[in-house]
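Biologist: Please show me the chain. I have some questions about its fold and its side chains.

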Amino acid sequence: MTTTGSQPPPPQPTRGRRRLIAMSIWAVGFGVGAYFLGLPTSDPVLPFAWLWLATIAWNSHLPWRRHLAFLRDWLPVILMLLIYNISRGFADGLSEPHAVELVRADEWMFGWLTGGDVPTVWLQHHLWQPGVVQWWEVIVSLVYFSHFLAVPAAAVVLWVRSRDQWKRYMRRWMTLTLAGLVTYFLYPAAPPWWAALPEHGALIDPVERISTNGWEAIGLHSAGNTLNALQVEASNPVAAMPSLHTAYALLVIAFFLPMARRRWWPLLLAYPLAMTFTLVYSGEHYIIDVLVGWAYVGGTMLVVSAAERWWHRRGVAAGADEADDSPTDLPDAPATTKVTSSI
């Protein structure tokens, strides 16, 4: 008979159980914050703070120095996005935004189908009712908000799973962002809601900004108020061309599409299409903005891929040159005498 002087230690939770508990706490915290404080959309800092907490919850078993590596890797990205947000505002006021040619482009492409209207006006005439929240407007609001989290969330997942893939993704994301920012300075363009205002000539029939209407239907009043305040205070009427909302949506899908099974492709490709409908219907972009944004994604993928191949070839060539320059004539080894013996 054996006895022990103390009780055995309580069983430790498995990693999966610990992860489930931590992620549940994070999800509750995010939901409470969104309900009372609004959605994290005002700047890049708050969304990345929530995503950082998600990585801590997911890998809560790791030491803190591993979690602090997130700040080290992401700080340059956050600073760049902050500079992007600030610089984009400087483009407003440099010159009068372009609007007429965007209206004419959408009329030329779709006027035969819409009776001469731009698609935004046609959609709102047929789908929107003042004072009524349609069921599809809930989906529109959710899709619109996804812009603020989809791209950084995908990047954070890659950061957790594969740093090499994360670097490839970040090169494409940052290149696309810089290309859009440069375009805002070179070609400032106004969205449909701006062109519909009487003070800007009422180039098209009245258009309402309705991207946040759906929050009322699901009780997230503060979420809608936050986005509405952001649209009023930080609205930039020269950031329509290209549409980075749809460009980002397509970039995420284009990056992950080769990794997905083909049966999932239609579902994945539905996301940039849903973002297109959301932005056109809500008065934020013309379809020409969307098409140019998609073209920017294609150009970004081609340019960055070509640059990566060139850099890889350069590294291979440099390694070969170093191998050629290494000494090959070694001094002769001292002569040895072969000794044999027999017994």
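Biologist: Which pattern does the chain follow, read along the sequence?

Modeller: This is a predicted model, in which local features need pLDDT of at least 70, side-chain atom pairs count only at pLDDT 80 or more, and totals for chains, interfaces and linings use all residues. Residues are numbered from 1 along each chain as its sequence is written, and side-chain values use heavy atoms, with hydrogens and water left out. Helices (H or I, at least four residues) and strands (E, at least two) are DSSP runs, numbered from the N terminus. The chain has 13 helices and zero strands, and the pattern is α-α-α-α-α-α-α-α-α-α-α-α-α.

Biologist: What share of the residues of the chain counts as buried?

Modeller: Buried means under 20% relative accessible area, exposed over 50%, and partly exposed in between (1.4 Å probe, protein chains only). The chain has 343 residues, and the buried share is 41%.

Biologist: Which residues does W26 contact, leaving aside its neighbours within four places in sequence?

Modeller: W26 sits in helix α1. Its C-alpha is 9.5 Å from that of W58, 32 residues apart in sequence. Contact means heavy atoms within 4.5 Å. By that test, the partners of W26 are W50, L53, A54 and A57.

Biologist: Is F36 buried or exposed?

Modeller: F36 belongs to helix α1, residues 15-37. With V28, V32 and Y35, F36 forms a nonpolar surface patch. Patches are made of residues with over 30% relative accessible area and no salt bridge; like charges are joined within 9 Å, nonpolar side chains (Val, Leu, Ile, Met, Phe, Trp, Tyr) within 5 Å. At a relative accessible area of 61%, F36 is exposed.

Biologist: Which helices hold R172 and E308?

Modeller: A salt bridge is a side-chain nitrogen of Lys or Arg within 4 Å of a carboxyl oxygen of Asp or Glu. R172 and E308 form one, at 2.8 Å from N to O. The pair ties together parts 136 residues apart in sequence, because R172 lies in helix α7 and E308 in helix α13 (residues 287-325).

Biologist: Are R172 and E308 buried or exposed?

Modeller: Their side chains meet in a salt bridge. Both R172 and E308 are buried.

Biologist: How many residues apart are E107 and R104?

Modeller: E107 and R104 form a salt bridge, with the closest N and O atoms 3.3 Å apart. E107 is partly exposed at 24% relative accessibility, and R104 is partly exposed at 46%. Both lie in helix α4 (residues 100-114), about one turn of the helix and three residues apart.

Biologist: Which residues does T183 touch, not counting residues up to four places away in sequence?

Modeller: T183 is in helix α7, residues 163-186. T183 is buried, with a relative accessible area of 11%. A polar atom of its side chain lies 2.8 Å from the backbone oxygen of A179. T183 touches P188, M241, P242 and Y296.

Biologist: Which kind of peptide bond joins M241 and P242?

Modeller: P242 lies in the loop between α10 (221-233) and α11 (244-256). Most peptide bonds are trans. Here omega is about 0°, and the bond between M241 and P242 is cis.

Biologist: What is phi of A202 near?

Modeller: A202 lies in the loop between α8 (192-195) and α9 (214-217). A202 is partly exposed, with a relative accessible area of 40%. Most residues other than glycine have a negative phi. A202 has a positive value, near 45°.

Methods: Accessible areas come from the Shrake-Rupley method with a 1.4 Å probe; for residues, only the protein chains shown count as cover. A polar contact is a pair of N or O atoms within 3.5 Å; within protein, one must be able to donate a hydrogen and the other to accept it, and residues adjacent in sequence count only if both atoms are side-chain atoms.
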